[in-house]
Amino acid sequence: DVIHTVGDLVVIRNIAVHGNNNAAIRVDGGSTTLTNALIGVNALGVSGGNKDYGVEILGGTAIIDSTYIATNTDAGILINGGTSTTIQNNHITNNGDHACDDNITIQGGSVIIIQQNLIANAASLGIDGDGIAGNVTILENTITNSGQDGGNCSGNIENAGILLDGDNSNISNNIIASNGGAGIVLAGGNTSGNLISQNSIY
C-alpha cells in the first residue's frame, strides 16, 4: 500500500497515487477523508492503475469525496469493514481487469452511503454488495455501462448496475443506464425492507 491510515482526523488531498502493488489508500482505523485526488492515474490523467484497489477500507470511518478513481485492477473501492463510509461526488470509472471486478465492492462494514457519483464502465458490477447484510444507501448516482468484460464471473452473470444482498437498503433517485444486464439486482432470496424509489432505469 502507498498510504496506510489508522489515526484520527487524517485528511488526504490533492495528490495522484498510481502504479502500486496493493492499494493506493488503505484505511484500517481512525477517521480518514480523501478528497480532490487522482487514484489509479497520474497527475496528467494517464492510466497507471494500482494492482488491487484504489481505496481499501477495512476499519474506522472514511469519506471519499470529489476524487477520480480509475483503472485499478480488482476494484476502484473495496469496503470490507468500518463503522461509517461515505462515497460522494466522485468519478469512478474503468476499474477491474476481468469479469469479477467492480467499480465498488462491498463485503462488510456498516453505515455505507454512496451518493452523487458518476460510476461508469466497470468490468463487472457498478456496485457489488453480494453476500452483505444490507443497510446500504445509494442516492442520486449515475451508474452506466457496467459489465465491460462480458459478465461471466466464474459462471455467474455479473454485469448489472447494482447488486445487493440483505435487508433495509435504499436505492433512490439514481440514473441507471446502458448496463450489460439488469439495472438493479436484489439477491439473497428472502430479503425485506429494501426501498427502490424514483430511479430512472433504462
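Q: What do buried, exposed and partly exposed mean here?
A: A residue is called buried when its relative accessible area is under 20%, exposed when that area is over 50%, and partly exposed in between, using a 1.4 Å probe and protein chains only. The model is a predicted one, in which local features need pLDDT of at least 70 and side-chain atom pairs count only at pLDDT 80 or more, whereas totals for chains, interfaces and linings use all residues. Residues are numbered from 1 along each chain as its sequence is written, and side-chain values use heavy atoms, with hydrogens and water left out.

Q: OK, disulfides then: how many does a search of the whole structure find?
A: The search finds 1 disulfide, a disulfide being a pair of cysteine sulfur atoms within 2.5 Å. The pair is Cys100 and Cys153, whose sulfur atoms lie 2.0 Å apart, and the link is right-handed, with 110° about the S-S bond.

Q: Where in the chain are Cys100 and Cys153?
A: They belong to distant parts of the chain, 53 residues apart, with Cys100 in the loop between strand 12 and strand 13 and Cys153 in strand 19 (residues 152-153). Strands here are DSSP runs of E with at least two residues, helices are runs of H or I with at least four, and both are numbered from the N terminus.

Q: And Cys153, buried or exposed?
A: Cys153 is buried, at 8% relative accessibility, while Cys100 is partly exposed, with a relative accessible area of 27%.

Q: Switching to sheets: in what order do the 8 strands of the open sheet come?
A: The order is 3-6-9-12-15-18-23-26, with parallel pairing, where two strands pair if DSSP finds at least two bridges between them. Strand 3 (16-17) and strand 26 (200-201) stand at the edges with a single partner strand each, so one side of each has no neighbour in the sheet. Within it, strand 9 (residues 68-70) and strand 12 (residues 91-93) run parallel and are joined by 3 bridges, and Ile69 faces Ile92 in strand 12.

Q: How many residues of strand 5 are buried?
A: For strand 5 (residues 31-35) it is 4 of 5. Strand 5 pairs in the parallel sense with strand 2 (residues 10-13) over 4 bridges, and with strand 8, also parallel, over 5 bridges. Thr32 in strand 5 is the bridge partner of Val10, and Thr33 stands opposite Ile63 in strand 8.

Q: What does Thr32 touch?
A: Not counting residues up to four places away in sequence, Thr32 touches Thr5, Val10, Ile12, Val27, Thr61, Ala62 and Ile63. Thr32 is buried, at 4% relative accessibility.

Q: Now the core: which of the 32 residues in the largest nonpolar core touch the most other members?
A: They are Ile25, Ile77, Ile104, Ile106, Ile114, Ile127 and Ile162; a nonpolar core is a set of buried Ala, Val, Leu, Ile, Met, Phe, Trp, Tyr and Cys residues joined through side-chain atoms within 4.5 Å. Elements giving two or more residues to this core include strand 4 (23-27), strand 10 (75-80) and strand 13 (102-108), and strand 4 gives the most, with 3 residues.

Q: Which strand does strand 13 pair with over 2 bridges?
A: That is strand 16 (residues 127-129), in the parallel sense, with Ile104 opposite Ile127. Strand 13 is also joined to strand 10 by 5 bridges, again parallel, and has 6 of its 7 residues buried, so the rest of the structure largely encloses it.

Q: And Asp128, where is it found?
A: Asp128 is in strand 16, buried and without a salt bridge, the nearest side chain of opposite charge being Arg26, 20 Å away. Beyond four places in sequence, Asp128 is in contact with Asp102, Ile104, Thr105, Ile106, Glu158 and Leu163.

Notes:
Contact means heavy atoms within 4.5 Å. Lys and Arg count as positive and Asp and Glu as negative; His and the chain ends are not counted. A salt bridge is a side-chain nitrogen of Lys or Arg within 4 Å of a carboxyl oxygen of Asp or Glu.
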